[in-house]
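Please keep the sequence and the structure in view while reading.

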Amino acid sequence: MEFSEVLAHRRMVRNYTEDPVEPAALERIAAAALRAPSAGNSQAIGVVVVTDLALRRQIAAIADEAEYVEAGFDPWISRAPAHIVISVSRQVYLDRYSEPDKLQSDGSAIDWPVPYWWVDAGAALMAVLLATVDEGLAAGFLGVHSVPDLHALLNLPEHHSPIGVVTVGHPAPDRRSTSLDRPKKEIADLIHRNHWP
């Protein structure tokens, strides 16, 4: 698939068929997260691929999927045949930027005006979302704020923070989000040349 087609087809899907996802496709999708930028080549992104049905149901339970279904939506979290959980370690970045080649001229560590571990985690997330579309599959994202105890459930290292769950599968018709009813802003209002007018 051409990159422009991947971008055009990428959307958050919240319903899946029962069809399984090929393990090789899941491996390629998960590996895409590790191809995203990594400040200082810190390599602090972690990826957990969850295909076990009982564990997927546990993730759905702690995300309170039952309440979501009661509101008239599909059980997209438990129904998705795979979950990809992306995590990041702030500590790995701090350790990396304490190494000699990253210290400032006075020997001090940089002041982090932007927490690049979150920037890189977002890039890893987008790589997974695009790789999923490239495999002819669909993906949805469930932010970590909706999944308390995910860290403990997956036994992540103490210094790793999950950013959320990407559900992966073959798309099924889903209930359209009312967010999509908002009018699209004009590109000319969002992209500026040389400076913001």
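Two strands count as paired if DSSP finds at least two bridges between them. By that criterion, strand β2 pairs with strand β4 (residues 160-169) in the antiparallel sense, over eight bridges. The model is predicted. Strand β2 also takes part in its largest nonpolar core, and a search of the whole structure finds five salt bridges.

- Strand β2 covers residues 82-89, and eight of the eight are buried, so the strand is largely enclosed by the rest of the structure.
- In a regular strand, side chains alternate between the two faces of the sheet.
- In β2, A82, I84, I86 and V88 point one way, while H83, V85, S87 and S89 point the other way. Residues on both sides are buried.
- Strand β1 (residues 45-50) runs antiparallel to β2 and is joined to it by six bridges. Within β1 and β2, G46 and S87 stand opposite each other.
- On the β4 side, V85 has V165 as its bridge partner.

**Nonpolar cores**

- In soluble globular proteins, nonpolar side chains tend to be buried together.
- The largest nonpolar core contains 29 residues, and I84, I86, V166 and V168 have the most contacts inside it.
- Two or more residues of this core come from each of α2 (23-33), β2, α7 and β4. The greatest contribution is that of α7, with seven residues.
- Beyond residues up to four places away in sequence, V168 touches Y16, V21, L26, I29, A80, P81, A82, I84, T132, L137 and A138.
- Another core, of 17 residues, lies apart from the largest one and includes I77, A80, A138 and L150.

- V114, Y116 and V119 make a nonpolar surface patch of about 220 Å².
- V119 lies in helix α7 (residues 116-134), and its relative accessibility of 42% makes it partly exposed.
- Y116 is also in helix α7 and is partly exposed, at 36% relative accessibility.
- Leaving aside neighbours within four places in sequence, Y116 contacts A39 and Y93.
- The C-alpha atoms of Y116 and S38 are 8.4 Å apart, although 78 residues separate the two in sequence.

**Salt bridges**

- D174 and R11 form a salt bridge through their side chains, at 3.1 Å from N to O. The pair links distant parts of the chain, 163 residues apart: D174 is in the loop between β4 and α9 (187-190), and R11 is in the loop between α1 (3-9) and α2.
- Both partners are partly exposed: D174 has 21% relative accessibility, and R11 has 42%.
- E18 and R79 meet in a salt bridge at 3.8 Å, N to O. E18 lies in the loop between α1 and α2 and R79 in helix α5 (residues 76-79), so this pair ties together parts 61 residues apart in sequence.
- E18 is exposed, at 65% relative accessibility, whereas R79 is partly exposed, at 25%.
- R96 and D101 form a salt bridge whose closest N and O atoms are 2.7 Å apart. R96 is buried, with a relative accessible area of 15%, whereas D101 is exposed, at 53%.

Methods: Residues numbered from 1 in each chain as written. Predicted model: local features only at pLDDT ≥ 70, side-chain atom pairs only at ≥ 80, totals over all residues. Heavy atoms only, no water. Buried < 20%, exposed > 50% of the residue type's maximum accessible area, 1.4 Å probe, protein only. Helix = DSSP H or I, 4+ residues; strand = E, 2+ residues; numbered from the N terminus. Patch = residues over 30% accessible without salt bridge, like charges linked within 9 Å, V, L, I, M, F, W, Y side chains within 5 Å. Areas by Shrake-Rupley, 256 points an atom, 1.4 Å probe, with all protein chains shown as cover. Salt bridge = Lys/Arg side-chain N within 4 Å of Asp/Glu carboxyl O. Core = buried A, V, L, I, M, F, W, Y, C linked by side-chain atoms within 4.5 Å. Contact = heavy atoms within 4.5 Å.
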